[in-house]
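Me: Please show the sequence and the model, and then take me through some questions about the structure.

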Amino acid sequence: MNEKARLESDIAALRPWFHNLRINGVQTAPDHFLGDYPSFKWAHFQQVVPEDLRGCSVLDIGCNAGFYSLEMKRRNAGRVVGIDSDPHYLRQAEFAARQTGEDIEFKLMSVYEVEKLKERFDLVLFMGVLYHLRHPLLALDLLHEHVVGGQMLFQCMQRGEEEVAALSENYDFFNTTIFEQRGFPKVYFVEQRYAGDPTNWFIPNKAAVEAMLRSAGFVIRANPEREVYLVEHGTRHPMAEPPPSFADKLPDRRSHGPIIGGRRSR
């Protein structure tokens, strides 16, 4: 078996892939239902990330097969850590990083466990995760409290109207029509499945995404693509209590740890 055939066999053994990576000329998910995902999406907002991240630390939450972790290393990022709660995605990410020779550290970890990292990062990537969470606002609070030291690149699936209404700070108790106004923050709850996925729980409209980010203490700096935001660490809503500590309450997961010469991500 030649080198390319062996690589194709190894990639096939790690199916299914959600990230279509290009590993030494071989695509991992060429028939992805979304197309060349996530490359085509990254092309619309990559300009908000500095081309040279030399000296910057990066945390990729829900890293999957590691597309964004690898992109950060291509931009010369220093320490890159990818976490995911799915060991299958982490095996893919480790494989991809090993094949490309990138030094990325991967950990089997939930977003609710980020306190265990005991580190703030210059850039946090939180892409395509929020709507898969049973406790989305708690997750944002935990990120603000424990790991976002500078900026966060955030993406969340949106449904509903794209307008964002100009709202007052307060409304009378008997004013019920405000909730029907277009552009009012709304979050849709999915009890069973959406797009065949039982982990699609909460899907916000655009106004709700922005309101949740602000409430959790993030300042929106850019919105380069409909679902993507670049935000900075700011001040949390005055009535938002600090999130509870989960570091000693959740069961330990076995960390895959760094792989010499490469890692894996989602």
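Predicted model: local features only at pLDDT ≥ 70, side-chain atom pairs only at ≥ 80, totals over all residues.

Me: How many bridges join β6 to strand β7?

Reply: Helices (H or I, at least four residues) and strands (E, at least two) are DSSP runs, numbered from the N terminus, and two strands pair if DSSP finds at least two bridges between them. Strand β7 covers residues 148-155 and runs parallel to β6. Within this pair, Phe121 stands opposite Val148 in β7. The number of bridges joining β6 to β7 is six.

Me: Which residue of β6 stands opposite Ile61?

Reply: Strand β3 (residues 58-61) also pairs with β6, in the parallel sense and over four bridges. Opposite Ile61, the residue in β6 is Phe126.

Me: Why is strand β6 described as largely enclosed by the rest of the structure?

Reply: Buried means under 20% relative accessible area, exposed over 50%, and partly exposed in between (1.4 Å probe, protein chains only). Strand β6 spans residues 121-127, and it is largely enclosed because the number of its seven residues that are buried is six.

Me: Is Arg214 buried, partly exposed or exposed?

Reply: Arg214 lies in helix α6 (residues 206-215). Leaving aside neighbours within four places in sequence, Arg214 is in contact (heavy atoms within 4.5 Å) with Ile220 and Thr235. Its relative accessible area is 45%, so Arg214 is partly exposed.

Me: What is the volume of the largest pocket?

Reply: On a 1 Å grid over the protein atoms alone, a pocket is an open set of points where a 1.4 Å probe fits, with protein on both sides within 12 Å along at least five of seven lines; lining residues have an atom within 4 Å of a point. Grid points are joined across faces, edges and corners, and a volume is the space filled by probe spheres set on the points. The largest pocket is lined by 37 residues, with Gly128, Tyr131, His132, Asp197 and Thr199 nearest its centre. Its volume is about 1000 Å³.

Me: Which residues lie nearest the centre of the second largest pocket?

Reply: This second largest pocket holds about 360 Å³ of space. Its lining comprises 14 residues, and those nearest the centre are Pro185, Ala211, Arg214, Ser215 and His237.

Key. Residues numbered from 1 in each chain as written. Heavy atoms only, no water.
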